[in-house]
Amino acid sequence: MHFASRPKLVISLEPGLLVGQVVRGVRVVRSQQASLGVSDWSSVWENELESLDGALERLVARLGIPPQTEAQVICEAPDSMTEFQSISARQSEAITAARLAVAERMSMSVDSPCIAVHPLARAKGEDGRPMTQVIVTAIEETTLEHIYRWVERAGLCCGGCVPASAVMLERVAARLKADSSRDCLHVLHVGRCRSVVGSGSENGIQLLRTFEVGVAHLVEAVVRASQLAESGKATPLNFEKAQAILFESGLPTPEAEFGEGCGLEARTVLPLLQPVLQRISVEVKQSFRRVARSRRLSEIPITLTGPGALIERLGQCLSNMVDMEVHAAATRSEVVSAEETWVASSRSSLVLRTTRHEAERAGSQLRRAAIAGAIATSMLVGGQALLQTQTMGQLHAAIDAQSSTLAEVRAFRSLCEQASSTSQSIETARSIVADFVGEQPDWSAAITEVALAARDRVILTDLRADIESGRSAMLLSGTADASEKAEESPLSDFLESLRSSPFVEDVEVVSRRLIEIDDQALYQFRVNVELIGMRDSLVHGEVFP
């Protein structure tokens with residue numbers, strides 16, 4: 001029997017773009033995107049994403065997913081942090097150390113679900129010592145709660161959030177690990193809004209960091225160029241049109257028209273693209289100097305991956321600027337966005353959740369475990385019932401085979417059933433009697449204990465039994481010698497004897513006063529003796545077989 005997996009929605013939120021991907025298993029079955037057209041992105045977060053409610057609701061409607069579908073969000077919140085760390089410790093200790101460092105930096109609890117640590121692999125440090133390499137990421141819980149509320153307002157069930165930088169670092173790390181057999185691999189992944197530089201070898205990952213420059217910044221430069229062009233020479237472009245031209249035409253070449261039909265010239269676009277390209281080249285140079293050691297930068301080949309690799313002449317332009325060999329990746333899997341490839345291999349260890357959701361999730365897991373246990377128990381009982389049915393069938397067949405003794409067997413079975421019914425009736429009656437009588441003390445033994453404790457030094461004038469609220473007690477009244485010539489106080493001896501009795505739970509002196517009768521000093525006392533109750537079947541065990 002085949003059960004189709006439930007669909008899950010992965011929402012990618014970036015400045016100016018909202019993407020929704022419906023995932024079933026590890027395959028994207030539907031995808032939709034919407035341009036947000038938001039110029040002031042910081043105000044979106046300040047307003048707790050409420051301005052994006054309509055865009056998300058329309059995206060969900062176009063995807064046609066049912067209400068309460070689980071959705072995970074990939075975004076870069078303003079107060080998020082993501083780092084690659086190499087720690088000289090075993091994996092469990094390294095994870096704890098990374099969580100402690102982030103918790104202290106962001107003023108969180110070390111076990112907060114708003115912190116995630118994803119172990120990558122073991123590596124060797126420069127001194128040859130083993131290292132554990134991890135990606136650690138976190139988002140302030142208040143901001144994470146805003147993301148949850150935004151998803152829930154669209155009728156979905158939020159399953160957590162992953163910072164976009166963490167997704168990119170994990171994807172580039174996976175690329176470096178996959179080619180660890182090589183002498184050394186250097187990668188520049190240019191994503192939509194961010195980029196990652198990475199370097200790895202058989203000794204592990206030497207470099208993995210992200211910076212906030214990507215394809216979107218190049219596209220925005222083209223949009224500004226169209227707006228600043230001389231009147232009548234170029235048509236102002238929106239983001240989508242500028243992006244399409246950039247991917248179709250590549251980076252402009254001097255003295256050439258940029259984009260067929262839009263009227264833009266290379267000399268208008270290049271000055272605005274230059275700061276973006278300069279920022280990428282500076283980040284690349286500074287990063288790879290750390291791993292170059294004795295090698296010159298020109299000897300380090302760099303593989304350009306991500307959507308930026310689809311922009312013609314970007315690799316050549318960066319090669320000229322950094323004096324390093326930069327070549328674009330050849331396979332499609334290396335030029336798609338990190339978010340797209342992450343969907344198929346989503347790492348649950350990178351997912352951040354709120355404390356509220358984590359508590360609800362733990363309760364849900366407990367309920368599922370209870371249901372699974374009930375199902376397993378039902379299957380076990382059903383199996384036992386089936387086995388018993390088969391056994392009974394075999395017995396019936398044997399009985400039918402012995403036709404000469406069938407009547408005797410039936411009579412014997414009838415007697416057994418009657419005996420079983422009678423036994424059950426006796427047990428039922430016994431249970432009713434026991435419940436009616438309840439727990440009672442052994443009154444006879446208790447009174448005997450009182451008499452033995454009193455002896456001839458304590459005179460009892462009154463003994464009353466009291467049963468109230470399921471507790472049994474005796475109220476004793478009497479007198480005891482109080483003269484100084486007595487070596488031990490008869491009353492104290494009497495009370496101590498009662499307390500040591502196995503039938504007595506507690507002894508409480510209700511009242512005691514000194515009186516004189518016929519020139520003899522006496523204590524007149526009242527004592528409450530609480531007795532130990534027991535089931536009637538234990539008190540009168542000899543009645544039952």
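In the hairpin formed by strand 1 and strand 2, where 2 residues lie between the strands, Gly16 adopts a positive phi near 85°. The structure described here is a predicted model. In general, the strands of a sheet pair through backbone hydrogen bonds, and they may do so in either a parallel or an antiparallel manner.

A further set of 5 strands forms an open sheet with mixed pairing, in the order 11-10-9-14-15. Its edges are strand 11 (204-211) and strand 15 (325-328), each of which pairs on one side only, and the twist from one strand to the next averages 20°.

Packing between helices is illustrated by helix 6 (residues 215-228) and helix 7 (residues 239-249), whose axes are 9 Å apart and which meet at an angle of about 105°. Because angles of 65 to 115 degrees count as roughly perpendicular, helix 6 and helix 7 are described as roughly perpendicular to each other. On the side of helix 6, the contact involves Val215, Ala216, Leu218, Val219, Glu220, Val222 and Val223, which meet Phe239, Ala242, Gln243, Leu246 and Phe247 in helix 7. The residues of this contact divide into 10 nonpolar, 1 polar and 1 charged.

Side chains of opposite charge can pair when their charged atoms come close. A search of the whole structure finds 16 salt bridges, among them one between Arg194 and Glu76, with the closest N and O atoms 4.0 Å apart. This pair links distant parts of the chain, since Arg194 lies in the loop between strand 9 (185-190) and strand 10 (195-201), whereas Glu76 lies in the loop between strand 4 (70-75) and strand 5 (81-87), 118 residues apart. Arg194 is buried, with a relative accessible area of 11%, while Glu76 counts as partly exposed at 23%.

In another salt bridge, Arg356 pairs with Glu145, the closest N and O atoms being 2.8 Å apart. Arg356 belongs to helix 11 (residues 355-401) and Glu145 to helix 4 (residues 141-153), so this pair ties together parts that are 211 residues apart in sequence. With a relative accessible area of 26%, Arg356 is partly exposed, whereas Glu145 is buried at 17%. A salt bridge is also found between Glu265 and Arg267, where the closest N and O atoms are 2.7 Å apart; Glu265 is partly exposed, with a relative accessible area of 31%, and Arg267 counts as exposed at 54%. Through shared partners, salt bridges join Glu145, Arg149, Glu152 and Arg356 into one network.

Note on methods. Residues are numbered from 1 along each chain as its sequence is written. This is a predicted model: local features need pLDDT of at least 70, side-chain atom pairs count only at pLDDT 80 or more; totals for chains, interfaces and linings use all residues. Side-chain values use heavy atoms; hydrogens and water are left out. A salt bridge is a side-chain nitrogen of Lys or Arg within 4 Å of a carboxyl oxygen of Asp or Glu. Helices (H or I, at least four residues) and strands (E, at least two) are DSSP runs, numbered from the N terminus. Buried means under 20% relative accessible area, exposed over 50%, partly exposed in between (1.4 Å probe, protein chains only). Two strands pair if DSSP finds at least two bridges between them. Axes are lines fitted to C-alpha atoms, for helices over the stretch in contact, and angles run from 0 to 180 degrees between N-to-C directions. Angles under 35 degrees count as roughly parallel, over 145 as roughly antiparallel, 65 to 115 as roughly perpendicular and the rest as oblique. Contact means heavy atoms within 4.5 Å. Ala, Val, Leu, Ile, Met, Phe, Trp, Tyr, Cys and Pro count as nonpolar, Asp, Glu, Lys and Arg as charged, and the others, Gly among them, as polar.
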